[in-house]
Amino acid sequence: MKDQKLAANILNNIKSDKEQTLVVTNQFSKLIVEAPAGFGKTYSMINMIKYWFATDQIKNYQRVLCLSFSVSAANRMKESIENSVNNSDSSAMLIHYVHATNFHGLCRSILSKYGSLVGLNVPVNDYKNIDLSKTDILPPIEKDFVKNFDDKIKDATISDEGLMKGIEKYNSIARKYLLPNMLLPFNNLITLVLELLEDHPQIKKFYKYYYSAICIDEFQDTNILGLSLINHLSTDKTRIIAFGDNMQQIYHFLGAIPSLIDKELELGFEYIRLKTNYRFSNNLDMRTIDTNLRSYEEDFEKANRLPIAHIKAIHESNVFKEATRLNEYINRYPDDKIAILVSQNSRTTRELLNSVKNNQPKIFNGLFKEDDDYVILFHNRASEFYQTRFSERTIHTQDIRSFITDFSKLIRKNEYKSSLLKLLYVFLQKTVKNFSPENRNEVILTTLASISLKQSINNIDSHVVISTIHGSKGLEWDRVILANFEQNEFPNYYGVKGIGNFDSSNKLQPNGVNDDEIRKLVNQFYVAFSRAKKEFLISYSDQHWELSSLVNSQISCIATLPFLTFQDKWS
Ligand SMILES: Nc1ncnc2c1ncn2[C@@H]1O[C@H](COP(=O)(O)OP(=O)(O)OP(=O)(O)O)[C@@H](O)[C@H]1O
């Protein structure tokens with residue numbers, strides 16, 4: 001399978017980047033690659049895997065597992081792999097030999113083969129996810145146990161030993177009360193697989209040798225369950241190559257392990273840091289904002305010594321005028337892809353965006369979260385309806401339009417209905433185009449069961465996309481506007497409380513106790529800012545809603561950082 005021409009081409013394309021070359025040609029068994037946004041982490045990962053194939057480093061009975069925490073990062077890996085493949089050389093092997101998915105997707109595929117060994121009596125995709133905190137399906141003692149266990153995963157405060165001990169009881173509760181009711185919470189997907197691997201050494205051994213390498217993207221977002229899964233699937237010889245950036249860690253509330261990269265380095269991982277910024281290669285202002293934010297996050301004391309970076313702002317007296325200005329901006333760039341990002345779906349967000357939407361009929365509203373009740377219901381109903389139509393035959397391009405039209409009549413109205421239908425439409429089109437008839441049903445049913453339609457957001461052909469900052473992770477647009485840049489919106493009420501005392505000018509004052517909260521806010525700002533390829537700007541107004549009252553507001557405390565200026569002066 002050796003393909004010297006492909007190997008030479010890969011090296012030639014990156015020859016001016018010493019660090020990317022080191023990553024692609026590395027021979028380490030355990031490696032962390034760290035770099036800021038846009039330095040080519042995903043790009044290097046794909047080149048590295050291609051290079052492995054070109055130089056015969058993967059045996060033909062083995063596979064490479066590419067993992068990430070979020071669905072959007074997994075999807076980005078998949079698309080990058082698909083786009084980088086050339087049918088005329090051995091890179092075509094990639095599609096068959098690389099399994100790119102998120103942690104939950106991997107567990108679904110393992111449980112689809114071995115689920116019966118841990119208590120699943122029907123196919124894994126037939127079970128529905130559930131938020132246990134919203135139901136009384138568990139008796140009080142079991143409910144407390146499960147909540148406590150979930151909280152420890154969220155806080156990343158459970159030891160390896162505690163985890164494996166707790167899993168036994170956690171799974172037995174699921175088997176007694178949830179599985180018989182066709183319910184399977186997301187954490188149980190992973191805990192059942194961990195139990196399966198512990199109790200069936202042969203299966204564990206198979207996976208450990210099947211995956212000769214595990215590459216992890218967005219490694220900083222990994223939680224304790226994900227890390228335990230990686231450890232269960234690997235041996236000393238398995239190559240583990242993790243790509244990440246501490247500064248883009250924004251999933252604390254789902255258990256991202258604090259300072260994970262540093263912790264793994266202490267365990268003996270090798271380390272390469274990428275040094276060239278490709279996203280902002282021709283944009284000095286953006287590069288300065290990037291380096292300033294990183295220097296500040298590293299050491300708050302540096303704040304006053306950093307060069308000043310300018311950020312454009314839209315500042316109006318109320319949200320309706322702010323919306324008018326946003327529309328003027330959007331209309332000025334008809335050929336660019338633009339994202340409006342917000343930190344939360346608050347009343348202010350809704351008022352602002354409704355006003356923007358009135359003038360932008362083709363806007364895509366991607367503000368929903370995967371755990372919204374309506375979003376879960378939409379996925380479940382789509383799966384049921386799909387199975388009534390296509391259990392006996394395969395879906396083809398000409399079926400998609402009528403499927404969407406008929407399904408649309410079945411599902412009740414909601415602010416996200418049209419966005420979800422658009423996502424379903426582009427997802428079905430993409431799947432029919434990319435997958436052979438015999439694989440389509442599995443791809444479609446797995447995506448619907450894992451509430452993952454959002455992964456197709458990049459395929460939506462909309463001029464403007466609205467998303468939360470969390471939903472924007474790993475994506476790129478030409479222009480990004482961080483809207484609702486007011487105190488109590490960004491940061492929100494809880495963020496403001498966590499950061500603690502502010503003086504009358506809202507100045508950020510790190511005091512040791514609030515350092516982590518400040519870092520969380522700066523990380524969110526960094527993620528929003530670094531999604532922009534050409535320009536990043538913020539917008540805010542002098543009023544916002546607190547509950548149902550319209551109150552005066554101030555600009556976000558981020559604006560008090562001495563190395564950033566926010567100016568509403570336009571040429
Ligand atoms: N050596 C290179 N030559 C040309 N273009 C590159 C190179 N490395 C990266 N790029 C381009 O730079 C952009 C950013 O790369 P990539 O998405 O891999 O960065 P990243 O570090 O993963 O970013 P993020 O942290 O935001 O996910 C992409 O459009 C990619 O194609």
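This is a predicted model: local features need pLDDT of at least 70, side-chain atom pairs count only at pLDDT 80 or more; totals for chains, interfaces and linings use all residues.
## Domains

The protein chain is divided into three parts: domain 1 (57-81 + 94-267), domain 2 (284-363 + 462-567) and domain 3 (373-459).

Taken over C-alpha atoms, the centres of domain 1 and domain 2 are separated by 33 Å. The contact between these two domains involves 14 residues of domain 1 and 14 residues of domain 2.

## Largest cavity

Searching the whole structure gives 2 cavities of 30 Å³ or more. The largest cavity holds about 50 Å³ of space. Its lining consists of Ser-72, Asn-75, Arg-76, Lys-454, Gln-455, Ile-457, Asn-458 and Leu-475. By residue class, this lining has 2 nonpolar, 4 polar and 2 charged members.

## Second largest cavity

The second largest cavity has a volume of about 30 Å³. Leu-132, Leu-138, Val-146, Tyr-170, Ile-173, Ala-174, Leu-178 and Asn-188 form its lining. Helix H8 (residues 160-178) gives the most to this lining, with 4 residues.

The lining of the second largest cavity divides into 7 nonpolar residues, 1 polar residue and no charged residues. In the largest cavity, by contrast, the lining includes 2 charged residues.

## Second largest pocket

The second largest pocket contains about 1500 Å³ of space. Elements that give two or more residues to its lining are helix H4 (71-84), helix H5 (93-97), strand S3 (98-102), helix H6 (103-114), helix H10 (201-210), helix H18 (417-434) and helix H19 (437-449). In total 47 residues line the pocket, and Lys-78, His-99, Phe-435, Glu-442 and Val-443 lie nearest its centre.

The lining of the second largest pocket comprises 18 nonpolar, 20 polar and 9 charged residues. Domain 1 (57-81 + 94-267) and domain 3 (373-459) each supply at least three residues to it.

## Helix H13

Helix H13 (residues 284-298) has 15 residues. From its first C-alpha to its last, helix H13 reaches 21 Å, close to the 21 Å expected at 1.5 Å a residue.

Which residues of H13 are buried? They are Met-286, Thr-288, Ile-289, Asp-290, Asn-292, Leu-293, Arg-294, Ser-295, Tyr-296 and Glu-297. The cover over the buried residues of H13 includes strand S6 (270-273), strand S7 (309-316), helix H21 (515-529), strand S12 (532-541) and strand S15 (564-567).

## Two single residues

Asn-327 sits in helix H14 (residues 319-332). Is Asn-327 buried or exposed? Asn-327 counts as buried because its relative accessible area is 5%, and buried means under 20%. Leaving aside residues up to four places away in sequence, Asn-327 touches Ser-355, Val-356, Asn-359 and Gln-360.

Lys-113 belongs to helix H6. With a relative accessible area of 55%, Lys-113 is exposed, the cut-off for exposed being over 50%. Lys-113 and Pro-123 are 10 residues apart in sequence, and their C-alpha atoms are 8.8 Å apart in space.

Note on methods:
Residues are numbered from 1 along each chain as its sequence is written. Side-chain values use heavy atoms; hydrogens and water are left out. On a 1 Å grid over the protein atoms alone, a cavity is a set of points where a 1.4 Å probe fits but cannot get out, and a pocket is an open set with protein on both sides within 12 Å along at least five of seven lines; lining residues have an atom within 4 Å of a point. Grid points are joined across faces, edges and corners, and a volume is the space filled by probe spheres set on the points. Ala, Val, Leu, Ile, Met, Phe, Trp, Tyr, Cys and Pro count as nonpolar, Asp, Glu, Lys and Arg as charged, and the others, Gly among them, as polar. The expected span of a helix is 1.5 Å times one less than its number of residues. Buried means under 20% relative accessible area, exposed over 50%, partly exposed in between (1.4 Å probe, protein chains only). Contact means heavy atoms within 4.5 Å. Domain bounds come from an automatic or database domain assignment.
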